[in-house]
Amino acid sequence: MATAGSESGILRVPPGNDPEIARLDNTYIGDIPQGSDIYQMPHLGRPLYFKRTTERTEWAGEEPLPVFVYIGNTPPGT
C-alpha cells in the first residue's frame, strides 16, 4: 500500500528483455513518489528505470493503478 505522498502502480516489461527483468512484468509496486514520471527500482546491484504511461489497470479489485513500463538500466536522457 502506498504511504502519504506516494502512490502505487503496476510494472510492465516488454517482451525480449533479460529473463531476470522480464519476471518483474505485472508486478505491483507501492511507494512511488506521487506524480513521478520515472520510477527507479534497485535490482541486483543496478537500477532499473520505468516510465509512467497513460495506461491504467486494475489490480486485485482496487481502483485502476498507473502502469510504468521498463525503459532500461540507465537514466533517461543520458
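Let's tour the aromatic pairs: there are 3 of them in this structure. Rings of Phe, Tyr and Trp (its six-membered ring) count as a pair if their centres lie within 6.5 Å; planes under 30 degrees apart are called stacked, over 60 edge-to-face, and the rest tilted. You're looking at a predicted model, where local features need pLDDT of at least 70, side-chain atom pairs count only at pLDDT 80 or more, and totals for chains, interfaces and linings use all residues. Numbering runs from 1 along each chain as its sequence is written, and side-chain values use heavy atoms, with hydrogens and water left out.

**First stop: Y28 and W59**

Select Y28 and W59, and you'll find a stacked pair, 6.0 Å centre to centre with 25° between the planes. Y28 sits in strand β2 (residues 27-33) and W59 in the loop between β4 (46-57) and β5 (65-72), so this pair ties together parts 31 residues apart in sequence. Strands here are DSSP runs (E, at least two residues), numbered from the N terminus. Now check the surface: Y28 is partly exposed at 22% relative accessible area, and W59 is partly exposed too, at 25%. (Partly exposed lies between buried, under 20% relative accessible area, and exposed, over 50%, using a 1.4 Å probe and protein chains only.)

**Next stop: Y39 and F50**

Y39 is in strand β3 (residues 38-43) and F50 in strand β4, 11 residues apart, so to speak linking distant parts of the chain. Y39 is buried, with a relative accessible area of 11%, and F50 is buried at 0%.

How values were computed. Helices (H or I, at least four residues) and strands (E, at least two) are DSSP runs, numbered from the N terminus.
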